[in-house]
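Open the model in your viewer and keep the selection tool at hand. The stops below say what to pick next and what is there.

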Amino acid sequence: MIYTTEVQHMCPVAKGAYHGPAPIPEEGKWVQAKDISDISGFTHGIGWCAPQQGACKLTLNVKNGIIEEALVEVLGCSGMTHSAAMASEILIGKTILEALNTDLVCDAINTAMRELFLQIVYGRTQSAFAEDGLAVGASLEDLGKGLRSQVGTMFGTREKGPRYLEMAEGYCSKMALNADNEVIGYEFINLGKMMDFIKKGEDANIALQKATGHYGQWDAAVKYIDPRQE
């Protein structure tokens, strides 16, 4: 340790009482976090790249400072999907401090890691008041049975109006319109369910029919359009 001349000539003054850091809530306990190993929690966060072309939703499950589970969901950029594949391998097993200072390939994933780090170390996780936190694997519950991200994709123009392309239920194949050309419902294909049927040996056409559903006043429509072609 190197001290300046000014400090070397100072008179020493004793430090008073030390009360430690303020306790933060972690998995049902109040913890005075002093080391990375003191940190536990399950939480989500979002990040974006510099040109704001794409975004990442990152979910981490941290136990004793170590990332035990990572769910990486990305949107808006084809290269991000490959980056997410690498990040899912890079993140697990690292401490949250290591992960914060690791190149996670995509700027949006790096930004999401930064946002999650702030939540985690300040005790703002979703499992802050859940005794023993959440089990490893809990993030998959957000994806549902088909293990697909909850994605919504809509397009609209002033000239031609809205087009529903993707809903939480799945791929939008038809839009239902009333006599005034207003949207009153839509048809969707749950791709997760469809693939499950096919894996079980169902014919693809039958699987498609079984995975197709409708929302809204579908039967009352006077017109049905393909949002990708009409």
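Partly exposed means a relative accessible area between the buried limit, under 20%, and the exposed limit, over 50%. Lysine 210, at 44% relative accessibility, is therefore partly exposed. Keep in mind throughout that this is a predicted model.

**Stop 1: a pair at lysine 210.** Select lysine 210 together with glutamate 202. Their side chains meet in a salt bridge, 2.7 Å from N to O. Glutamate 202 is partly exposed, with a relative accessible area of 27%. Side chains of opposite charge can pair when their charged atoms come close.

**Stop 2: helix 5.** Move to residues 191-199, which form helix 5. Pick aspartate 196 and lysine 199. Here the salt bridge spans 3.6 Å, N to O. The two residues are three apart in the helix, so about one helical turn separates them. Aspartate 196 is partly exposed at 23%, while lysine 199 is exposed at 65%.

**Stop 3: sequence neighbours.** Now select arginine 114 and glutamate 115. They form a salt bridge, and the closest N and O atoms are 2.8 Å apart. Arginine 114 has 40% relative accessibility and counts as partly exposed. Glutamate 115 is partly exposed too, at 24%. The salt bridge count for the model comes to six.

**Stop 4: two packed helices.** Show helix 2 (residues 78-91) and helix 4 (residues 107-121). Their axes lie 9 Å apart, at an angle of about 45 degrees. That angle makes helix 2 oblique to helix 4. On the helix 2 side, highlight Met80, Ser83, Ala84, Ala87 and Leu91. On the helix 4 side, the contact is made by Ala108, Ile109 and Met113.

**Stop 5: leucine 60.** Go to strand 4, residues 55-63, and select leucine 60. Is leucine 60 buried or exposed? Its relative accessible area is 0%, so leucine 60 is buried. Beyond its neighbours within four places in sequence, its contacts include Leu91 and Met113, two residues that also take part in the contact between helix 2 and helix 4. Gly41, Phe42, Thr43 and Ile67 are among the other contacts of leucine 60. For scale, draw a line to tyrosine 224: the C-alpha atoms are 42 Å apart, across 164 residues of sequence.

**Stop 6: a nonpolar patch.** Finish with Met1, Tyr3, Val7 and Met10. Together they make a nonpolar surface patch of about 520 Å². Valine 7 sits in helix 1, residues 5-8. With a relative accessible area of 36%, valine 7 is partly exposed.

Technical notes: Residues numbered from 1 in each chain as written. Predicted model: local features only at pLDDT ≥ 70, side-chain atom pairs only at ≥ 80, totals over all residues. Heavy atoms only, no water. Patch = residues over 30% accessible without salt bridge, like charges linked within 9 Å, V, L, I, M, F, W, Y side chains within 5 Å. Areas by Shrake-Rupley, 256 points an atom, 1.4 Å probe, with all protein chains shown as cover. Salt bridge = Lys/Arg side-chain N within 4 Å of Asp/Glu carboxyl O. Helix = DSSP H or I, 4+ residues; strand = E, 2+ residues; numbered from the N terminus. Buried < 20%, exposed > 50% of the residue type's maximum accessible area, 1.4 Å probe, protein only. Axes fitted to C-alpha atoms, helices over the stretch in contact; angles between N-to-C directions. Parallel < 35°, antiparallel > 145°, perpendicular 65-115°, else oblique. Contact = heavy atoms within 4.5 Å.
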